[in-house]
Amino acid sequence: MNRYLLTLSRVLLALIFVMSGVGKLFDFAGTQEQMAAAGMPLTALFLVGAIVLEIGGGLSLLLGWKVRYGVAALVVFLIPATLIFHTNFAERAQMIQFMKNLAIMGGLLALAVVGPGALSLSSREETTRS
C-alpha cells in the first residue's frame, strides 16, 4: 500500500508544476506581463527558466526519474517565486499562497528523503542493472 501512496504523492506534487509550466508556455505574453507588474527585470529570461524548471522538475516527479534533481529544480523555482509573488500578507489570499508553497516545499523535501519509490522509472533502472 505504501508504494502506491508514495506514487500518488509524487503524481499529485508533479501535476501542479507540469500544468503551471504548460500554462506559462501557452500564455507567455500574459505571464510576462504579470512578472513585469511585480517589478521583475528580464522577464523573458526568467520566464523561460521557470517553464524549464516547472515542466522538467514536474516530469521528473511524475515519472519517478532522477527525483532528487527534480525536487531541487522545483525548490529552486519555488523559493524566489514565493518571495516575489506571495509576500503581501495584508491580502489573506497571498498569505495562503505563501503557506501553500511552503507546504509544497515540505512535500518535495520529504520526497527527496524517501526517494521515488518502487513504482518509478528510477526503480526500474536499478532492477535492470542488477
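Which residues in H2 meet residues in H3?

**Packing of helices H2 and H3**

In this predicted model, the H2 side of the contact consists of Phe28, Thr31, Gln32, Met35 and Ala36. These residues meet Thr43, Ala44, Phe46, Leu47, Val48 and Ile51 in H3. By class, the contact of H2 with H3 includes 8 nonpolar and 3 polar residues, with no charged residues.

Two packed helices are described by the angle between their axes and the distance between the axes. Helix H2 covers residues 28-37 and packs against H3 at an angle of about 115°. The axes of the two helices are 10 Å apart, and the crossing of H2 and H3 is right-handed.

In soluble globular proteins, nonpolar side chains tend to be buried together. The largest nonpolar core of this model has 16 residues, and Phe17, Leu61, Leu78 and Leu108 have the most contacts inside it. At least two residues of this core come from each of helices H1 (2-26), H3 (43-63), H4 (67-85) and H5 (92-114). H4 supplies the largest share, with 7 residues. Another core, of 5 residues, lies apart from the largest one; Met35, Leu47, Ile51 and Ile55 are among its members.

Not counting residues up to four places away in sequence, Leu61 touches Arg10, Leu13, Ala14, Val67, Val71, Leu74, Leu108 and Leu111.

**Thr82 in helix H4**

Thr82 lies in helix H4. Thr82 counts as buried because its relative accessibility is 2%, and buried means under 20%. Leaving aside neighbours within four places in sequence, Thr82 is in contact with Thr87, Phe98, Asn101 and Met105.

Key
Residues are numbered from 1 along each chain as its sequence is written. This is a predicted model: local features need pLDDT of at least 70, side-chain atom pairs count only at pLDDT 80 or more; totals for chains, interfaces and linings use all residues. Side-chain values use heavy atoms; hydrogens and water are left out. A nonpolar core is a set of buried Ala, Val, Leu, Ile, Met, Phe, Trp, Tyr and Cys residues joined through side-chain atoms within 4.5 Å. Buried means under 20% relative accessible area, exposed over 50%, partly exposed in between (1.4 Å probe, protein chains only). Helices (H or I, at least four residues) and strands (E, at least two) are DSSP runs, numbered from the N terminus. Contact means heavy atoms within 4.5 Å. Axes are lines fitted to C-alpha atoms, for helices over the stretch in contact, and angles run from 0 to 180 degrees between N-to-C directions. A crossing is left-handed if the near helix is turned anticlockwise from the far one by less than a right angle, and right-handed if clockwise. Ala, Val, Leu, Ile, Met, Phe, Trp, Tyr, Cys and Pro count as nonpolar, Asp, Glu, Lys and Arg as charged, and the others, Gly among them, as polar.
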